[in-house]
Amino acid sequence: MTAALARFAGTRIFWPIVLLVVLLVINLIAFPGFFTITIKNGHLFGSLIDILRNGAPTLIIAVGMTLVIATRGIDLSVGAVCAISGAVAAAIILGSPDPGNPGVVAVAVAVSLGISLVLGVWNGFLVAVLGIQPIIATLILMTAGRGIAMLITEGQIITVNSAPFKTLGSGSLFGLPVSVIIAAVIFAFAALITRRSALGLLIESVGINPEASRQAGVRSRGLLFTVYAFCALSAGIAGLILTSNQTAADANNTGLFIELDAILAVVIGGTSLAGGRYSLAGTLVGALVIQTLVTTVYTVGIPPIATMVFKAAVVTAVCLLQSPATNAAFARWRRSLSIRAGKGAAAS
Amino acid sequence: MSSVQTHTPPTPGSASAAGTPNAAVRAAGRIRDTLRSPKYGPVLVTASLLILVFIVGGTRYRGFFSAQVIVNLFVDNAYLLVLAVGMTFVILTGGIDLSVGAVLALSGIITASLLQAGWAPGVVIPLILVLTSVLGLLVGLMVHVFKVQPFIATLAAMFLARGLCYVISKDSISITDPVFVALAQARIPLGGRVSMTWSVVIAIVVVIVAVIVLQYSRLGRTVYAIGGSEQSGVLMGLPVARTKVLVYVISGFCAGLSGILYTFYTLSGYSLTAIGTELDAIAAVVIGGTLLTGGYGFVLGSVLGVLVLGVIQTIITFEGTLSSWWTRIFIGALLLVFIILQKVLTARRR
């Protein structure tokens, strides 16, 4: 039992889970009804459901980001892709004579996801074919992307009044919010396809040593295209959810800073930015930690404006706890403890 | 650098006859080498681009070629110049600093709120510079001692700085301190009807100091060495640890100073100012020919980068009908061109 616990304490997912539990306990102390989930009109209500629903877009993007980061890459453009995807969908729905028609919404969703995919392929092209550093390659789209979204919305905030489109962000299915179900499906899809096939292994091998894996016969170019396209696609889906939730496409603010949240979720989850081994479960915990943190700020009664300071504190804490220097210090401390215990035993 | 030496050495006979076709070929070869070198090539291309854009602007719009338009480029972008100088140091070591925009805003809002509380500008300004340098020091220690990637460490600093902005004040604080306002609004005549502000003087001083430090000091050489190969730097016995921390301190200091220049410009502090300015600074540095992997680049290149961004902004203002979001698309397109150019230049080298 203790051996299993010790082994668990050694895994990279240990600290994030501890953090999540600590945050949840703080919430429970501050607000005893925190864990209550009630059913009203067949829908589930409660703080936990809120965390899941608000965290869904970040989680969806973080899943794509995990795979990109596993290839030793990074995608800074996801926020801009969110804005573009939302803007395209809103423009199509608004431009149609019948915004409430499910067919129109389906076309809008399909077109904006198609465009997201193209943007992902563009990132993949810059990284895989031209060999540009991922952080810079995606910086281009991050800078230009919001401009493009502005171009689509013509600088306006487009309000969307369409019942089927609204379902994406705030509807529910089987009592659960639709966005949570979408996030779960994407998470399960990514987990199954990368962990039940060799794909995950290949992605990790590209991340650990691109040249060696190429010589071993891994088609790294195709893999890079795939992960960037998948990441942009998930960003597109998140953008649709965000736009639907706000019932408006705002080129400036849809998905603002979401790339940073998604990267944080991945890093908190224990996936190294240096590429290689990745953990989707860790990313799930990381995304939940970030959303719970925001919720905690509200329940504990800290002014919401201080959220970012808390985020900074948590990020710093997690990074420092996971750093090699801290691990070495811990190891030294443990050794000194055992030496002292040994001396005590000898003396008595 | 090395390919100049790889050229076949001239035979004694042809070397004595200056002006022969051989010498001309060699001169042309040297020019080609300079253009292709990862050190000078991108900077020269940026300089030509700047001139080209300027000529395009001058032929399209009346009044574009006036001295005041050129001086205004510096007046409007003084804060970005200082920011880009700090960013150049960080990027030369192969790092990145995402926190500069937020630190700029923090510096502005602290300045505004302290001045509002009746502090003297002579106390406030040094205090801000010390504060932001300390923030840079913390980031540097996180990067070096705890081996946190620069991206994440500076991201945390960005959250911290932006969060502190909101905590200090959600609303815009205007500055009414007479000394500060006088300093901000003073115009230095440059002859004719052209005049500039003190922020331009400060920015130019920062640029000159940075050039001297990077080109002629031990610190500067260590910065380039870390960017070239950190491992080799350590093995050569260079003070890598100290320098790596110091570049973040420099960047923090520059961001703080840049915040003060920004308040000179706007005469207020606001928590939402300068969102995304870190991207402009990074873009200016990249367009200025500094390699993001570190090791190659000049401060003067970054100055050119800032000026290119400034000229584009000016042209869009002159055009009148173009919306401001075109700026972002143009900057993105320029970034793309320059990154591909760098890629081509360095690929030929290696």
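Trainee: What does the secondary structure of chain A come to?

Mentor: In this predicted model, the secondary structure of chain A consists of 15 helices and 6 strands.

Trainee: And how compact is chain A?

Mentor: Its radius of gyration is 22 Å, which is close to the 20 Å that the globule rule gives for 348 residues, so chain A is as compact as a globular protein of that length. Along the principal axes, the C-alpha trace of chain A spans about 90 × 55 × 35 Å.

Trainee: How much of chain A counts as buried?

Mentor: Of its 348 residues, 49% count as buried, and, among the contacts in chain A between residues at least 6 apart in sequence, 77% join residues at least 24 apart.

Trainee: Switching to the contact between the chains, how many residues does each one put in?

Mentor: Chain A contributes 33 residues and chain B contributes 35 residues.

Trainee: Which helix of chain A gives the most there?

Mentor: That is α6(A), with 10 residues on the side that touches chain B, while α6 (134-153), α12 (258-268), α14 (307-322) and α15 (324-347) of chain A each supply at least two residues of that side.

Trainee: What kinds of residues are on that side of chain A?

Mentor: They divide into 22 nonpolar, 9 polar and 2 charged.

Trainee: Which residues touch the most other members of the largest nonpolar core?

Mentor: In that core of 215 residues, they are A:Ile84, B:Val82, B:Leu83 and B:Leu335.

Trainee: What is B:Leu335 in contact with?

Mentor: Leaving aside neighbours within four places in sequence, B:Leu335 is in contact with A:Leu139, A:Ile140 and A:Thr143 from chain A, and with B:Ala283, B:Val286 and B:Ile287 from chain B.

Note on methods: Residues numbered from 1 in each chain as written. Chains lettered and ligands numbered in written order. Predicted model: local features only at pLDDT ≥ 70, side-chain atom pairs only at ≥ 80, totals over all residues. Core = buried A, V, L, I, M, F, W, Y, C linked by C-beta atoms within 7 Å. Buried ≥ 20, exposed ≤ 12 C-beta atoms within 10 Å, placed from the backbone. Contact = placed C-beta atoms within 7 Å. Helix = DSSP H or I, 4+ residues; strand = E, 2+ residues; numbered from the N terminus. Rg over C-alpha atoms; globule rule 2.2 N^0.38 Å. Nonpolar A, V, L, I, M, F, W, Y, C, P; charged D, E, K, R; others polar.
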